[in-house]
Amino acid sequence: MKKNKKYALLLLALAVVCVGLTAAYFAIPQKDKKEAGSQGDTTEANLNVATVDTDKIVGVSIEGGQSDGVHLSKESGSWKLKEHPSAMIETESVENMFPVVEKIEAMNELDGGNLAEYGLDEPALSVDLNLEDGSTVALDYGSELSTGSGYYVTVHDGNKKNDSMVYTVVSTMYSNFDKMSTDFIVKEQISGIQADYMTGVTIVKDGKISFRAKSVDRDKRVDPYTNWVIDQPLDRPLAGSVTDDWKTLMGYFTDVTFDTLVEYDCTRLGTYGLKDPDTRVDVDFITPMEGYELHNPITNEEEEEAASRSSNAQTIMAIDKVAEEYRIPHHYTLLIGKTAPDGSYYVRFDGSDQVYTINAQKIEAILDVDYYTYMDHSIYSILATDLEGYDVEIAGEDKIQVTRKDLPKEEGDTVDSKSEWKVNGAVVPDDKEQDFLTPYSKHYLLEFSQVAKKKKKENAKPVLTMTFHRKDKDNVIRYYPYDGTNFYRVDKDGMDYFLVDKRSIDAVIEGMKKLPDLVK
């Protein structure tokens, strides 16, 4: 009996526990149960709530979220922004919002009840879509689901907000409309400038010109094979590179596209460091007039030599083929301000009150442009056949005079032209011509090694002086002692910023010393 009584008491206790659990289950708030259910299926939205004929949308109003208040209206097929009536609106950016409402689907339907429980008493984002027939489809977004995979939303006609059901929808239903007015405005840009029509670039950094290059007339060129010279920040101009480096450099300026439009018609430019910035880029270029005439002041020899040095060289000189009277000059200035919180730079075009950002990598690539990288590193790259001759002076003692003249083409000649070379007045024999040209070829191939760090010593005497004679000008290049081991300093027409490998110059000196022996 005692044993049976014990079992009875145990069964009675279990029954009490079951009753308590059942009561607790039914005591769970209705909203909590349904939210729990909604979060059990957050990857599929298959409950059809409404459809919208997006071709009939003629107005969009967005409040809340990151929006600063957006009111768009469609007028005569074009979208207008109430906040900035004069702004050009990008149709695609507006219509990209609409696909999510063509068929509005929910993951779950909930009893509206107390909207505050869903964050819908004061919606985080409200969107009104106005249709051609005068009706409105309104969406109010409340709290984000705890899983981060969607939002609570009501969908109604704009008037019956308190009677609406509450739905859970995927995140894109929210993010597609979480926009600012600047997201719809067409950004200014520079595009499609042909690199071969560029005429000038100036980079000002912290109020000082850090780099300036310009296209110049033939009589002002440093190198006859390129019309580009770099004339800042150094006192004497340098020839622009005729390698693909120059093409890369020009590419920085032929297209300017912005990442984001930060503020339209900005009245507080100083906030972004753009009222009167110390950093800017000035770019000049031309476009040919319609029906322009081609002409070619470049000789065939120059063009062939340019092509042999770089496939890009002919492109650099292509502007010369547009007669000056057919050139339309253009200019733009990009002003660079402070860095934005994400590390990008605030920028604007001079004359514009639109503030944009450009990523730091692009801006810093421009600001880091330096003359040494983009200069022509050749010390003297004129073909021997383009000279009338040259004079050599070694250590102020040995003096050698070389002259050249064109010989008339004779019947049976397989070459277009032939030169007669003389050393100190004596003709170089044909069978010695290759030996004679070798020292010049070694000099022709010389390039600057690096920038000189020390100043030239006063009263220093050159170890080698070479004076090259062309029809239109002479060039004088002197080589001075530098460190006694690795380098000589180069003075090219008074420009003495760079060094050259000492052993290479010593080889040229030895070769030049032997020239008189070839004509004995």
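Predicted model: local features only at pLDDT ≥ 70, side-chain atom pairs only at ≥ 80, totals over all residues.

Author: Residues are numbered from 1 along each chain as its sequence is written, and side-chain values use heavy atoms, with hydrogens and water left out.

Reader: How many aromatic pairs are there?

Author: Rings of Phe, Tyr and Trp (its six-membered ring) pair if their centres lie within 6.5 Å; planes under 30 degrees apart are stacked, over 60 edge-to-face, and the rest tilted. By this rule there are 19 aromatic pairs. One of them joins tyrosine 380 and phenylalanine 468, stacked at 4.1 Å centre to centre with 15 degrees between the planes. These two residues are 88 residues apart: tyrosine 380 is in the loop between helix H10 (371–374) and strand S20 (389–394), and phenylalanine 468 is in strand S25 (residues 464–469). Helices (H or I, at least four residues) and strands (E, at least two) are DSSP runs, numbered from the N terminus.

Reader: Is tyrosine 380 buried or exposed?

Author: Buried means under 20% relative accessible area, exposed over 50%, and partly exposed in between (1.4 Å probe, protein chains only). Tyrosine 380 has 3% relative accessibility and therefore counts as buried; phenylalanine 468, at 0%, is buried as well.

Reader: Why is the pair of tyrosine 497 and phenylalanine 498 called edge-to-face?

Author: The pair is edge-to-face because the planes stand at 80 degrees, with the ring centres 5.9 Å apart. Both tyrosine 497 and phenylalanine 498 are buried. Ring pairs also join these two with Tyr371, Tyr372 and Phe448 in a cluster.

Reader: How are the strands to be read?

Author: Two strands pair if DSSP finds at least two bridges between them. S25 and strand S26 (residues 474–481) are antiparallel over six bridges, and they form a hairpin with four residues between them. Threonine 465 has arginine 478 in S26 as its bridge partner. S26 also pairs with strand S27 (residues 487–492), in the antiparallel sense over five bridges. This second hairpin has five residues between its strands, and glycine 484 in the turn has a positive phi of about 80 degrees.

Reader: Which residue in S27 is the bridge partner of tyrosine 479?

Author: The partner is valine 490. Contact means heavy atoms within 4.5 Å; leaving aside neighbours within four places in sequence, the contacts of tyrosine 479 include Ile379, His443, Tyr488 and Val490.
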